Amino acid sequence: MENYTKLKELVASIEADAEKFFNNGNSAAGTRVRKGLQDIKTLAQEIRNEVTAKKNDGKK
């Protein structure tokens, strides 16, 4: 659950940069958004692995 909380915080943290990029065309903000999205992807994969492991532990 800790990683899920981190994921929500990460999504919220890139919101301002996403607005700057999409509304104002700030390319530096776009770079920060892309980095944040890569971090989200990595964290989401970790959460998926945790969920799968927990699910499989219940089947034993």
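**Exercise 1. Find how many salt bridges the structure holds, and describe the one at glutamate 2.**

Step 1. Apply the criterion: a salt bridge is a side-chain nitrogen of Lys or Arg within 4 Å of a carboxyl oxygen of Asp or Glu. The structure holds three salt bridges. This is a predicted model, in which local features need pLDDT of at least 70 and side-chain atom pairs count only at pLDDT 80 or more, while totals for chains, interfaces and linings use all residues. Residues are numbered from 1 along each chain as its sequence is written, and side-chain values use heavy atoms, with hydrogens and water left out.

Step 2. Glutamate 2 pairs with lysine 6, and their closest N and O atoms are 3.6 Å apart.

Step 3. Helices (H or I, at least four residues) and strands (E, at least two) are DSSP runs, numbered from the N terminus. Both residues belong to helix H1 (residues 2–13), four residues apart, so about one helical turn separates them.

Step 4. Check accessibility. Buried means under 20% relative accessible area, exposed over 50%, and partly exposed in between (1.4 Å probe, protein chains only). Glutamate 2 is exposed at 58%, and lysine 6 is partly exposed at 40%.

**Exercise 2. Describe the salt bridges of aspartate 17 and lysine 35.**

Step 1. Aspartate 17 forms a salt bridge with arginine 32, with 3.0 Å between the closest N and O atoms. Because aspartate 17 lies in helix H2 (residues 15–24) and arginine 32 in helix H3 (residues 27–58), the pair ties together parts that are 15 residues apart in sequence.

Step 2. Aspartate 17 is buried, at 13% relative accessibility, whereas arginine 32 is partly exposed, at 39%.

Step 3. Lysine 35 forms a salt bridge with aspartate 39, and here the closest N and O atoms are 3.0 Å apart. The two residues are four residues apart in helix H3, so they are separated by about one helical turn. Lysine 35 is exposed at 53%; aspartate 39 is partly exposed at 31%.

**Exercise 3. Which residues form the aromatic pair, and how are their rings arranged?**

Step 1. Rings of Phe, Tyr and Trp (its six-membered ring) pair if their centres lie within 6.5 Å; planes under 30 degrees apart count as stacked, over 60 as edge-to-face and the rest as tilted. A search of the whole structure finds one aromatic pair.

Step 2. Phenylalanine 21 and phenylalanine 22 form this pair, which is edge-to-face, with 5.0 Å centre to centre and 75 degrees between the planes.

Step 3. Phenylalanine 21 is partly exposed at 34% relative accessibility, while phenylalanine 22 is exposed at 63%.

**Exercise 4. What do the buried residues of H3 pack against, and which residues make up the largest nonpolar core?**

Step 1. The buried residues of H3 are Ala29, Gly30, Val33, Gly36, Ile40, Leu43 and Ile47.

Step 2. Contact means heavy atoms within 4.5 Å. These buried residues of H3 pack against H1 and H2. Leaving aside neighbours within four places in sequence, leucine 43 is in contact with Asn3, Lys6 and Leu7.

Step 3. A nonpolar core is a set of buried Ala, Val, Leu, Ile, Met, Phe, Trp, Tyr and Cys residues joined through side-chain atoms within 4.5 Å. The largest one has five residues: Leu7, Ile14, Ile40, Leu43 and Ile47. H3 provides the largest share of this core, three residues.
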